[in-house]
Amino acid sequence: MTKDHGGDVRLSGISKTYGSFTAVHPLDLTVPEGSFFALLGASGCGKTTTLRMIAGLEEPTSGTVHLGDQDVTALPPYKRPVNTVFQSYALFPHLDIFENVAFGLRRRGIRSVKKQVEEMLELVQLGEQARKKPHQLSGGQQQRVAVARALINQPRVLLLDEPLGALDLKLRRQMQLELKRIQTEVGITFIHVTHDQEEAMTMADTVAVMSAGRVEQLGSPTDLYENPHTTFVANFLGTSNLIEAEVDSTSGDDIVLTAGDGKLSLPGARCSAPTATGGRVLVGVRPEKISLTHADDAGDIPVGRNRITGRIAASSFIGVSTQYVVDASVCPEFEVYVQNIDRDPRLVPGAEVVLHWSPAHTFGLDAAQD
Ligand code: ATP
């Protein structure tokens, strides 16, 4: 692989409209060199269009694309130091795996390709399959050939457009780890488009969550999950419980809120909503951060935890954990996952319970947003 990895990918004010429809609103985005970056969002949010503008397959309506210091906006795809892997592997069925991978080198007139192709097949762990035809490989193996075929051209950036979409769930999980390993090994920038939040979280260093042609939030998987800034991001990345509350006061770094007849607190740094006294905030907490205690034992709950009361509406045992749905006093249908072996046999539908969690696992959202 080339040592010069080409610098950051920088999109400045890039947009795309089709007639009167705006697929991508003016977007500023920097993808750090050498990172695994995911564009994540539901179907139609503009992620593929964004990727295609980086590839040069789509002409932006406005804005520029830079690769390091080079403005590539006006360059056709084949002159950009990027390569794309699509969901359809598009391998040549009549060529064997070796020749599929060698194709790009041969087209450029390079004659001694053996060493490079073998290295590339080792990288994607297909050294043994070199003389097979594509139809003799599994879907995951074919996708790895497509990756090898793209990487042999030594792109500075590899673009991946839902590359695992055609694979079954188990294979997809394996390939996610495999692609992550390959990216770490070659060290170039990977930009990966997916609608699967788990996939983005597993693979990427940085995720841009897109909605309706805009980036809603950009951050590390942990940051997005633990500190979402909008209800869209909170709900897109897993399940969140949201309680509407009113700002009471600020105490040190913490914000104290009233929800129903109880008090909740959350760190000011984790609140993306205005916090003027009397303002309304959506207080969020992830299901696995909540503990469930039978109301009779409420006195055992340590002080300083956020707590609300409720009644268990349903429970289901799902192996490693039990999932409870609780009709809480301040928010119906609260979801709680409890992971412990010694489950309290009193925690059955109808039981009065207290839900409690650490303020550190709480985030605050603007209740006025749509
Ligand atoms: P998916 O996961 O379904 O591919 P996406 O997030 O990648 O979705 P895009 O393919 O970027 O979405 O499309 C964004 C929006 O632009 C969609 O509403 C789509 O219908 C529209 N669009 C894309 N290409 C064109 C085109 N050539 N002409 C008109 N509208 C288009």
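Two strands are taken to pair if DSSP finds at least two bridges between them, and helices (H or I, at least four residues) and strands (E, at least two) are DSSP runs numbered from the N terminus. The structure is a predicted model, in which local features need pLDDT of at least 70 and side-chain atom pairs count only at pLDDT 80 or more, whereas totals for chains, interfaces and linings use all residues. Residues are numbered from 1 along each chain as its sequence is written.

An open sheet of five strands, with antiparallel pairing, has the order 13-12-11-14-20. Strand 13 (262–267) and strand 20 (362–366) stand at its edges with a single partner strand each, so that one side of each is left without a neighbour in the sheet. From one strand to the next the twist averages 45 degrees. Within this sheet, strand 11 (residues 241–251) and strand 12 (residues 254–259) run antiparallel and are joined by five bridges, and Glu246 stands opposite Thr258 in strand 12.

Two helix pairs were examined, with axes taken as lines fitted to C-alpha atoms over the stretch in contact and angles running from 0 to 180 degrees between N-to-C directions. The axes of helix 4 (residues 139–151) and helix 5 (residues 169–186) come within 11 Å and cross at roughly 20 degrees; helix 4 and helix 5 are therefore roughly parallel to each other (angles under 35 degrees count as roughly parallel, over 145 as roughly antiparallel, 65 to 115 as roughly perpendicular and the rest as oblique). In the contact (C-beta atoms, placed from the backbone, within 7 Å), Gly139, Gly140, Gln143, Arg144, Val147 and Leu151 of helix 4 meet Leu171, Gln174, Met175, Glu178, Ile182 and Val186 of helix 5. These residues divide into six nonpolar, four polar and two charged, where Ala, Val, Leu, Ile, Met, Phe, Trp, Tyr, Cys and Pro count as nonpolar, Asp, Glu, Lys and Arg as charged, and the others, Gly among them, as polar.

For helix 2 (residues 97–107) and helix 3 (residues 114–123), the axes come within 10 Å and cross at roughly 125 degrees, which makes helix 2 oblique to helix 3. Phe98, Val101, Ala102 and Leu105 of helix 2 make the contact with Gln116, Val117, Met120 and Leu121 of helix 3, a set comprising seven nonpolar, one polar and no charged residues.

The ligand is surrounded by Tyr18, Phe21, Ala23, Gly41, Ser43, Gly44, Cys45, Gly46, Lys47, Thr48, Thr49 and His195, a residue being near if its C-beta atom, placed from the backbone, lies within 6 Å. Strand 2 (21–31) and helix 1 (47–55) are the elements that give two or more residues to this shell, and helix 1 gives the most, with three.

Notes. Two residues are in contact if their C-beta atoms, placed from the backbone, lie within 7 Å.
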